[in-house]
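Colleague: I am new to this structure. Please walk me through it, one point at a time.

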Amino acid sequence: PMGEAPAAELDAVLGGGGWDVEASFEGPPPPTGPIRLGRNACYVVLAVLFNEEDRVLLVQEAKPECRGRWYLPAGRMEPGESIVAAMRREVKEETGLECEPLTLLALEERGPAWIRFAFLAHPTGGTLKTLEEADAESLQAMWWAGDPSTLPLRAPDILPLLDLAARYRRSPPHPPTLPQELPCAALCLRLLVAFANDAGDLWVLLGTAGTPHLPVVACGTSPAELHRGLRLPVLRLLRDCLLPDPRPGPLGLLGLQHRAGGPGGADGICFNMLLSIPPGSPGAAPPEPRSPAFRWWHVEEESLRGRILQRLRAAATVPVRG
């Protein structure tokens with residue numbers, strides 16, 4: 001029955017919304033203190049914008065190490081700034097244009113030490129920066145109609161993002177996904193771990209401490225863990241709670257939660273992630289949790305089951321790139 005499952009939490013997370021993060025987390029490591037930009041985390045924002053002629057917005061770099069080369073508008077988030085506000089600021093400083101986000105295109109990460117939020121956005125005003133207005137932020141901006149790979153680029157890592165943006169504009173693989181304003185002290189992941197077999201049965205892993213809930217794991221911020229990916233705490237939790245050692249599918253982002261100046265000025269983020277445990281055989285049931293802190297909930301309500309399966313089977317999530 002739905003009374004045994006976090007129906008409202010599942011509904012919010014599947015819809016790209018947010019849900020409060022409690023003080024307790026499943027599995028190690030416990031949070032070692034608040035996340036603070038510039039100390040134990042670095043967040044970067046990047047934006048892909050097109051104009052009405054399908055030209056892409058590029059900036060010419062002013063930094064000495066890459067001066068004269070071209071790139072997408074991007075830069076580091078500042079403490080006390082929301083993710084969307086940081087994206088708008090970087091676009092304005094580097095291109096002269098105002099913009100509004102449409103969706104997250106990708107989450108790129110190397111663990112807490114470096115996380116980049118790549119947005120698809122659209123221009124809403126402003127004036128394109130010219131060489132006469134060159135400053136420390138950029139030399140100029142332009143709408144580019146050709147193949148960006150023919151330009152001298154600061155780095156080729158923007159080319160896959162431009163492909164993602166073009167595909168999203170043709171046929172969006174996931175709903176518009178934007179950060180939700182909810183405070184979070186730690187950097188953590190709320191996990192919608194699904195197990196589906198070929199008979200159409202579906203189970204979701206729940207934490208049982210207190211009210212049944214989707215498990216939440218914290219990212220470690222020790223020097224040894226800062227540069228290890230967001231997948232590490234997920235694998236650690238699943239290894240501790242499931243037998244045999246599961247090999248989950250890729251992480252997909254359903255949504256994320258952040259509020260500038262959170263508890264104690266923290267810059268934590270909760271990433272709401274979807275991943276699947278592949279069945280070992282046809283008609284299989286999920287592996288038995290080895291700890292009473294977890295249990296599988298068999299999803300029978302047709303609408304909810306359909307929503308989870310659609311997200312899983314169509315990979316209808318924001319891609320997470322390690």
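Modeller: One term to start: contact means heavy atoms within 4.5 Å. This is a predicted model, where local features need pLDDT of at least 70, side-chain atom pairs count only at pLDDT 80 or more, and totals for chains, interfaces and linings use all residues. Residues are numbered from 1 along each chain as its sequence is written, and side-chain values use heavy atoms, with hydrogens and water left out.

Colleague: Which residues does Leu37 touch, not counting residues up to four places away in sequence?

Modeller: Leu37 sits in the loop between helix 1 and strand 1 (43–49). Helices (H or I, at least four residues) and strands (E, at least two) are DSSP runs, numbered from the N terminus. Leaving out residues up to four places away in sequence, Leu37 touches Cys42, Tyr43, Met77, Glu78, Pro79 and Asp267.

Colleague: Is Leu37 buried or exposed?

Modeller: Buried means under 20% relative accessible area, exposed over 50%, and partly exposed in between (1.4 Å probe, protein chains only). Leu37 has a relative accessible area of 10%, so Leu37 is buried.

Colleague: Into which domains is the protein chain divided?

Modeller: Domain bounds come from an automatic or database domain assignment. The chain is divided into domain 1 (7–35 + 184–319) and domain 2 (42–170).

Colleague: What area is buried between domain 1 and domain 2?

Modeller: Buried area is the accessible area (1.4 Å probe) that two parts lose on being put together, summed over both. Carbon and sulfur atoms give 74% of the area here. The total between domain 1 and domain 2 is about 1,500 Å².

Colleague: In domain 1, which residues lose the most area to domain 2?

Modeller: Three residues together make up 27% of what the domain 1 side buries. They are Leu230, Val318 and Pro319.

Colleague: How many salt bridges are there between domain 1 and domain 2?

Modeller: A salt bridge is a side-chain nitrogen of Lys or Arg within 4 Å of a carboxyl oxygen of Asp or Glu. A search of the whole structure finds 16 salt bridges. Between domain 1 and domain 2 the count is 0.

Colleague: Which strand gives the most to the side of domain 1 that touches domain 2?

Modeller: Strand 11 (252–257), strand 12 and strand 14 (318–321) each supply at least two residues of that side. With 3 residues, the one that gives the most is strand 12.

Colleague: With which residue does Arg190 form a salt bridge?

Modeller: Side chains of opposite charge can pair when their charged atoms come close. Arg190 lies in strand 8 and its partner in helix 1, 181 residues apart. Arg190 counts as buried because its relative accessibility is 2%. The closest N and O atoms are 3.1 Å apart, and the partner is Glu9.

Colleague: Which residues of helix 1 are buried?

Modeller: What covers them includes strand 8, strand 11, strand 12, strand 13 and helix 5 (302–313). In helix 1 (residues 7–14), the buried residues are Glu9, Leu10, Ala12, Val13 and Leu14.

Colleague: How many residues apart in sequence are the parts that Arg116 and Asp157 tie together?

Modeller: Arg116 forms a salt bridge with Asp157, with the closest N and O atoms 3.0 Å apart. Arg116 lies in strand 6 (residues 115–126) and Asp157 in the loop between strand 7 (140–144) and helix 3 (158–170), so the pair ties together parts whose separation in sequence is 41 residues.
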